[in-house]
Amino acid sequence: PVFHHPPGFSVLLAPFVLTKSDQLAVTLSWLGHALSLASVALVGYELLLRNKPPDFRNRFVFLLPLAAAAADPLMNFIARKIWMDNLLAGTASLALCLTWLGGRGDRRRFWLVTAGVMAAVACSLKVTASVVLPFLAWLAITKDRGRSIARLTFVLLPGALLLGAWLLYFR
């Protein structure tokens, strides 16, 4: 074959096949939807905490974009199918969100490494997830130019190791 998908989705489906619970494999698509919603919630909550007005009363305003994302008909349609694209979208959006959080507040290293792991999971699902890697790099270096090499390493190394190992194996 000319093109192989990385083994991430097959590895995630294996427990469902081994336990003969094929009908529950759709939970992987649900997980992708949940990860997308988590990234919307994290961005909304972070923006709300950083930009709250002086007469701020309702801490749950960030739930409005979350409700809109939860009601998205395309994501709800895809979540009912066993497709890797929903899980890919969830992991890629969470990687972008965590990289953005890594440039904004405390515990930067934790957010950046977690973003790198999410990007690695996304790249292990489908090679097209590598499209988000330049955006992750840009988000990692925009805030603190003095430590940009360390920040890039935290974000890109897990994905490079995982995707690089797969590419070497199937070259």
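Predicted model: local features only at pLDDT ≥ 70, side-chain atom pairs only at ≥ 80, totals over all residues.
Local features need pLDDT of at least 70 and side-chain atom pairs count only at pLDDT 80 or more, while totals for chains, interfaces and linings use all residues. Residues are numbered from 1 along each chain as its sequence is written, and side-chain values use heavy atoms, with hydrogens and water left out.

Two packed helices are described by the angle between their axes and the distance between the axes. Helices here are DSSP runs (H or I, at least four residues), numbered from the N terminus. Axes are lines fitted to C-alpha atoms over the stretch in contact, and angles run from 0 to 180 degrees between N-to-C directions.

Helix 2 (residues 27-50) and helix 5 have axes 7 Å apart and pack at an angle of about 25°. Helix 2 is therefore roughly parallel to helix 5 (angles under 35 degrees count as roughly parallel, over 145 as roughly antiparallel). Their crossing is left-handed, a term used if the near helix is turned anticlockwise from the far one by less than a right angle, with right-handed used if clockwise. Contact means heavy atoms within 4.5 Å. Among the residues that make this contact are L28, L35 and E46 of helix 2 and N86, L94 and W100 of helix 5. By class, the contact has 13 nonpolar, nine polar and one charged residues.

Helix 2 also packs with helix 3 (residues 63-70): their axes come within 9 Å and cross at roughly 155°. This makes helix 2 roughly antiparallel to helix 3, and the crossing is right-handed. From helix 2, H33, L37, V40 and A41 meet P65, L66, A69 and A70 of helix 3. These residues divide into seven nonpolar, one polar and no charged.

Helix 7 (residues 133-141) has the buried residues L133, L136, A137, L139 and A140. Buried means under 20% relative accessible area and exposed over 50%, with a 1.4 Å probe and protein chains only.

K126 is placed in the loop between helix 6 and helix 7. With a relative accessible area of 19%, K126 is buried. Leaving out residues up to four places away in sequence, K126 touches H5, P6, M84, D85 and L88.

Key:
Helix = DSSP H or I, 4+ residues; strand = E, 2+ residues; numbered from the N terminus. Parallel < 35°, antiparallel > 145°, perpendicular 65-115°, else oblique. Nonpolar A, V, L, I, M, F, W, Y, C, P; charged D, E, K, R; others polar.
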